[in-house]
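Please view the sequence and the model together.

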Amino acid sequence: MTETVLLIGSGAREHALAWKLLQSPKVAKLFVAPGNGGTAALGLNLDLNVKENGKVLEWCKKNKPSLVVVGPEDPLNNGIADVLRAAGFACFGPSKAAAQIECDKSFAKHFMVRHNIPTASYKTFTDVKEAKNFVKNADFNALVIKASGLAAGKGVVVAQNIDEVCENIDLMLGKKIFGDAGSTIVIEELLEGPEVSVLAFTDGNTVSVMPPAQDHKRAHDGDKGPNTGGMGAYCPCPLINSEQLKTIEKEVLQKAVDGMRSEGKPFIGVLYAGLMLTEKGPKVLEFNCRFGDPETQSILPLLDSDLFDVC
């Protein structure tokens, strides 16, 4: 036991990651920034501002961790992996450019079309009037509206009717309720079917798929209420059989990794595909550039491999 790990994040996902990392016989010390009550029982929580890459780099230069694992998307979107790798530190998580696959939904939708990855019909907008006109005349069921940027899992609205879509167009583009994250919106076709999350480890070339999970996003019982970052999850999810999982690996995850590499943005870390299982096959609702929360809490107990070695 000689290795030191810095884990960035503060949620239940980071508690699960800390628990799994400490199962490695190689890990001697675990630091978590900023951590939470759960991680405090496992390692040492740090009063470190992870929004400032310079502060994180300064800590790393002083303490020389063997590995930095980034839990949430915000630090990745802020370029923490780029800064640490440039200074010679091993960091598990994609570059700022590769993190666009989650952090810029407009980019992600155009990317999926470029690389023939199955997804819902859509159009992007920056103007309120143009968006409303499109919704009223769309040739598909345009009832899903998304803030293009990061909105803590709350920037997606599945509307019941066109009036509700238009209200949310006003809120996102007009009143800027999500700030810059909502300066561009994506209006999507409403897909029908159960949702499933499939995550994979990737080195930028190949993918190693984890068991499928299902999380529950709605705030209230009976799958009602607004979307949240996640109310709970279970794994493995029985809605996908082994053949379907192979199809998702080939047609979604591998295509995404190959596509990012071909565009000069190699994706290294965990790639998460949020999928709708439609009558026409699985279609991508979103990509995430990191371990899912709450899916990670249900997936990691099933992992036999040493997470430190994987990262």
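## Terms and basis

Buried means under 20% relative accessible area, exposed over 50%, and partly exposed in between (1.4 Å probe, protein chains only). Helices (H or I, at least four residues) and strands (E, at least two) are DSSP runs numbered from the N terminus.

The model is predicted: local features need pLDDT of at least 70, side-chain atom pairs count only at pLDDT 80 or more, and totals for chains, interfaces and linings use all residues. Residues are numbered from 1 along each chain as its sequence is written, and side-chain values use heavy atoms, without hydrogens or water.

## Strand β1 and its partners

Six of the seven residues of β1 (residues 3-9) are buried. Strands pair if DSSP finds at least two bridges between them. β1 runs parallel to β2 (residues 27-34), with seven bridges. Here E3 faces V27 of β2. Between β1 and β2 the chain passes through helix α1 (residues 12-21), in a right-handed β-α-β crossover. Right-handed means that, with the strands pointing away from the viewer, the path from the first strand over the helix to the second runs clockwise.

β1 also runs parallel to β4 (residues 67-70), through four bridges. L7 has V69 in β4 as its bridge partner.

## The second largest pocket

A pocket is an open set of points on a 1 Å grid over the protein atoms alone, where a 1.4 Å probe fits, with protein on both sides within 12 Å along at least five of seven lines; lining residues have an atom within 4 Å of a point.

The lining consists of K154, V156, V157, V158, Q160, E164, R218, G225, P226 and N227. β8 (156-158) and β14 (224-227) each give at least two residues to this lining.
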